[in-house]
Each structure stands twice: as structure tokens, then as C-alpha cells.
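Colleague: Hi! Could you walk me through this one?

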Amino acid sequence: LHNTTWRVNGVLSVSRSIGDRPCREYITCHPQVEVRELQPTDEFLVIGTDGLWDYLSTEEVVSFVRQARAEVDCSKARQARRQQQQQQQQQQHQLQVPAQAQPGLSPQSLLP
């Protein structure tokens, strides 16, 4: 361990040492793999390097992803509301234009 990062021979960070000839006796090119079947109850899948886990705990990553998803959902809802308001304004404008263009017509007379 060197400066809070695992190092090979005190020189090369572990994640970058694969394939480095002088470090081959210490490092394998065979990654640690875990196979899991995703379940319907799984919220999301996080694929991260050791750098992620050096800075965040599992709980912090889960909290971060949940917050990011909530912000995206809110953003989508705001965008949908804006589009709906724009459509309503366009419909109101379409009703008002003929009434203004032709004397004697009222917006109520254009409604079905």
C-alpha cells in the first residue's frame, strides 16, 4: 500500500500493472469475476472499478444512484409538464386567432 493506493513493487498501481513484464510474478491477468442472476427486485446494477470503491462505500453508491434516478424522474416530469403547457397554449392560441381574424366570431362558437 502506497499513498492509499495498492502498488506493485511500490511503483505501479495494481489496476495498471497487468501486462507489465516486471510485475507479472505479482499480478495476474485473470480478473476476479462474480456471476449473479439478476432478480426482478434488483433496482440497478453498478459496474465500477476499484477506483470507485476506494472513495465510496456500497451504501454511498446506492444512495448516489437512487438520488440521480430521482432527479432524472423529476426532470422528465418537469419536461412533460412544460410540453403539456405549451400544447395547451397552442390550442388556446389556435382558438383565439380565428375569433380575432373574423369579426362576429367568439371563441365559444368555435368549441364543439
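Modeller: Arginine 36 is exposed, with a relative accessible area of 68% (buried is under 20%, exposed over 50% and partly exposed in between, with a 1.4 Å probe and protein chains only). This is a predicted model, where local features need pLDDT of at least 70, side-chain atom pairs count only at pLDDT 80 or more, and totals for chains, interfaces and linings use all residues. Residues are numbered from 1 along each chain as its sequence is written, and side-chain values use heavy atoms, leaving out hydrogens and water.

Colleague: Which residue forms a salt bridge with arginine 36?

Modeller: Glutamate 34, with the closest N and O atoms 2.6 Å apart. A salt bridge here is a Lys or Arg side-chain nitrogen within 4 Å of an Asp or Glu carboxyl oxygen. Glutamate 34 is exposed, at 58% relative accessible area.

Colleague: How many salt bridges does the whole structure have?

Modeller: The search finds 2. Glutamate 43 pairs with arginine 66, and their closest N and O atoms are 2.5 Å apart. Glutamate 43 lies in the loop between strand E2 (12–13) and helix H1 (50–55), while arginine 66 is in helix H2 (residues 58–101), so the pair ties together parts 23 residues apart in sequence. Helices (H or I, at least four residues) and strands (E, at least two) are DSSP runs, numbered from the N terminus.

Colleague: New topic: where does leucine 45 lie?

Modeller: In the loop between E2 and H1. Leucine 45 is exposed, with a relative accessible area of 60%.
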